[in-house]
Amino acid sequence: MTREVLEAIVDGILVGGVYALMAVGLTLIFGVLDIINIAQGVLVILGAYLSYSLSTKAHIDLFVGLLITIPAMFAIGVVIHWAFIRRLRGTERTSMTLLVTYAVALIIEGILYKIYGANNVTLSASYTTTSIRVFGFYLPWIYIYGFILALVLVALIYALLYRTKFGRSVRATMQDETAARLVGIDVNRVAALTFGIGVAVTAAGGMVYGATNAFNANSGYDLISRLLAIIILGGLGSVGGALVTSVFMLTVESVVTVWYPTWAIVVFYAALVIVLLVRPTGFFGRKEVRAQ
Amino acid sequence: MTPLLKGTALIALIAIVVAFPQVVTNPSVTNYGVLAMIFVTAASAWNIFSGNTGYISLGQAVFYGSGAYTMGIAARDWNITGDTVFALLPLCAAVGALVAVPFGLIALRVRRHTFIVITIAVFFIFQLMATNFSFTGGSSGLDSPFLNWPAASYNTPFYYIALACAAGTIAIAWLIRRSRFGLQLRAIRDDEDRARGLGVKAMRVKLSAFAISGAATAVIGAVWFFYINQVEPQTGFDPLFDLTLVLMAFLGGYGSITGPVLGALIIEPLTLWLNSQPQFSGGSLSEILLGAVFLVTVLFLPRGIIPTGGELITKLRTRGRPAVIPATTFGPPAAGTASTPSVSSGGAR
């Protein structure tokens with residue numbers, strides 16, 4: 001039993017790292033643009049399918065393929081922002097953007113269905129089938145590689161946010177958009193690039209997700225509901241909060257699965273409900289200022 | 001429009017709606033009518049809460065599925081068959097309202113994005129419960145009790161039941177809109193903190209509207225369950241259902257009474273028709289189209305057909321006449337007076 005629990009904890013931490021990457025994208029988008037990108041889940045699946053096509057059709061290694069899929073997803077993000085998000089203004093903007101991203105998710109899902117069909121697929125490579133022995137159990141290499149990839153990318157995002165001029169303007173926009181505009185920051189450009197970066201991470205997240213899970217066009221719903229729970233629990237707009245909460249929640253889910261596999265996912269929503277009863281801003285959230 | 005003309009139009013509309021299954025007897029056409037009425041009810045019920053308060057709920061399927069499951073479980077466990085099952089509809093309404101209370105107490109503590117996400121989370125909890133418990137029939141769901149109705153006119157009684165639900169919900173929406181309660185709801189939509197400051201008991205008011213909306217949705221969910229003969233976790237608690245309701249309300253005119261009705265009457269027959277066409281089969285193209293209609297609506301008709309159409313009519317009727325609005329409103333005096341040459345500004349120079 002203890003070995004199974006230990007295995008579940010290791011699993012949870014490694015998978016949590018990948019979720020952290022996806023959640024950081026989502027929470028960054030929220031912080032800068034004040035919108036929740038419902039399409040994030042299906043974009044992860046789109047990223048996974050891109051990797052799938054590259055590896056099956058062009059025989060490009062999954063990790064090398066990221067050099068193509070990450071810029072591609074970045075471009076898709078910028079286009080979504082330019083075509084739809086940018087145009088929404090006014091008092092109903094919050095709910096409108098949510099619905100618009102939901103509609104975008106539906107369209108992408110429909111297109112993926114049309115192209116790839118309803119069958120579940122998995123990404124495969126040599127490292128998805130071979131394992132390494134740790135603490136007496138076997139762990140596929142992809143979990144470890146995926147975790148390292150997620151760590152590297154999250155570190156890169158941190159460096160971008162805290163060590164560059166662009167990062168400073170992103171953080172300024174997150175704190176106060178009007179003030180950022182006043183000191184000469186091109187807020188629209190920052191918003192477009194942030195949306196692009198937030199979507200670009202789904203390419204990497206999707207690749208690892210697709211290599212560790214069977215997926216089809218419908219899998220986005222399961223993903224987005226977990227990601228939403230994570231970023232709200234972590235406090236909307238808090239990058240650190242998203243990191244800690246992803247690893248924590250995925251570990252809890254993984255441990256619960258040992259005993260109650262069918263109820264494990266409920267842990268997410270139940271935690272969300274309970275935490276918000278006590279602390280409406282989440283674990284690391286700032287108190288929301290009065291919104292007009 | 002004069003009151004007389006309005007009254008005549010309304011009576012004509014009621015006559016058409018009531019006579020519909022008598023004139024059209026083809027079951028594949030009356031099917032459209034039944035489902036359209038079901039969605040008119042559901043969209044109006046959504047609008048009672050979300051349209052009035054501005055809290056966008058993406059968890060209405062919680063009530064829809066709860067209504068369907070309540071009916072299914074009650075009929076199965078109490079061995080109720082035949083037409084008497086419809087006596088269970090008030091029970092479904094009660095369950096809908098009862099579910100809305102804890103749901104609302106949790107979700108209505110937070111606003112904006114967080115509220116929407118909580119409604120989605122609660123929705124998934126319900127879907128998972130329906131799948132995982134044994135008394136709900138698990139992933140295969142429940143079958144409805146057998147109704148001994150002739151197949152040729154099977155849809156007609158359903159049409160009238162759904163029509164009665166729709167009329168009832170619209171009447172409730174109308175009464176709420178004209179009442180103090182409705183004003184309080186709309187005050188919350190405009191500025192919740194200010195409304196509280198002026199003495200609106202925000203939580204109580206929001207929760208009441210949520211419960212009313214939940215009860216109406218649960219009733220129509222139960223009717224829908226009979227109509228399609230079964231409910232599964234995926235169909236009773238369907239994420240697309242929530243989105244469809246919101247789309248209907250936004251397309252017609254969010255917050256008005258006629259808006260969701262019009263939106264439902266456009267969207268539901270359209271999706272049914274698209275799904276019945278062989279070249280659109282498989283459901284994915286209708287999904288793409290639904291998303292595309294949604295995007296077009298939000299981007300180009302952000303206030304819906306009825307408000308935008310109303311503005312257009314007003315613009316056409318007042319064409320050529322000087323605008324009267326700027327004279328009675330506050331703000332910069334020069335705004336909107338371009339069509340009438342201002343004398344005072346000339347004199348001051």
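The chat below walks through a predicted model of chains A and B.

Visitor: Before we look at anything else, how confident is the predictor in chain A, on average?
Guide: Chain A averages a pLDDT of 83, and 95% of the residues score at least 70. Residues 288–292 of chain A are a stretch to treat with care, with a pLDDT below 50, and beyond near neighbours in sequence that stretch has three contacts in the model.

Visitor: OK, over to chain B. How many helices and strands are there?
Guide: Chain B has 16 helices and two strands. Of the 349 residues in chain B, 45% are buried, and if you take the contacts in chain B with a separation of 6 or more, 77% of them join residues 24 or more positions apart.

Visitor: How many residues of chain B are in contact with chain A?
Guide: On the chain B side there are 31 residues, and they are in contact with 37 residues of chain A. The elements that give two or more residues to that side of chain B are helix 5 (112–132), helix 11 (239–252) and helix 13 (284–300) of chain B.

Visitor: And which of those gives the largest share?
Guide: Helix 5 of chain B does, with 12 residues. Sorted by class, the side of chain B that touches chain A has 22 nonpolar residues, five polar and four charged.

Visitor: Is F133(B) buried or exposed, and why?
Guide: F133(B) counts as exposed, because it has 12 C-beta neighbours inside 10 Å and the cut-off for exposed is 12 or fewer.

Visitor: Switching to chain A, how about S219(A): buried or exposed?
Guide: S219(A) counts as buried, because it has 22 C-beta neighbours inside 10 Å and 20 or more are needed for that. The place of S219(A) is in the loop between helix 9 (187–212) and helix 10 (220–234) of chain A. S219(A) and E109(A) are 110 residues apart along the chain, with their C-alpha atoms separated by 9.4 Å.

Visitor: How do helix 1 and helix 6 of chain A cross?
Guide: The axes of helix 1 (residues 2–33) and helix 6 (residues 141–163) of chain A come within 8 Å and cross at roughly 35 degrees, and the crossing is left-handed. Among the residues that meet there are L14(A), G17(A) and V24(A) from helix 1 of chain A, and Y143(A), G146(A) and I157(A) from helix 6 of chain A. That contact divides into 13 nonpolar residues, two polar and no charged.

Visitor: What about helix 1 with helix 11 of chain A?
Guide: There the axes come within 6 Å and cross at roughly 145 degrees, with helix 11 of chain A covering residues 239–259. Helix 1 of chain A passes helix 11 of chain A in a right-handed crossing, and the residues of this contact divide into 17 nonpolar, eight polar and three charged.

Visitor: Last one: which residues have the most contacts inside the largest nonpolar core?
Guide: Those are A162(B) and V219(B), in a core of 192 residues. Leaving aside neighbours within four places in sequence, V219(B) is in contact with G67(B), L89(B), C92(B), A93(B), G96(B) and C165(B).

Definitions and conventions: Residues are numbered from 1 along each chain as its sequence is written. Chains are lettered from A and ligands numbered from 1 in the order in which they are written. This is a predicted model: local features need pLDDT of at least 70, side-chain atom pairs count only at pLDDT 80 or more; totals for chains, interfaces and linings use all residues. Helices (H or I, at least four residues) and strands (E, at least two) are DSSP runs, numbered from the N terminus. Two residues are in contact if their C-beta atoms, placed from the backbone, lie within 7 Å. Ala, Val, Leu, Ile, Met, Phe, Trp, Tyr, Cys and Pro count as nonpolar, Asp, Glu, Lys and Arg as charged, and the others, Gly among them, as polar. Axes are lines fitted to C-alpha atoms, for helices over the stretch in contact, and angles run from 0 to 180 degrees between N-to-C directions. A crossing is left-handed if the near helix is turned anticlockwise from the far one by less than a right angle, and right-handed if clockwise. A nonpolar core is a set of buried Ala, Val, Leu, Ile, Met, Phe, Trp, Tyr and Cys residues joined through C-beta atoms within 7 Å. pLDDT is the predictor's confidence in each residue, from 0 to 100.
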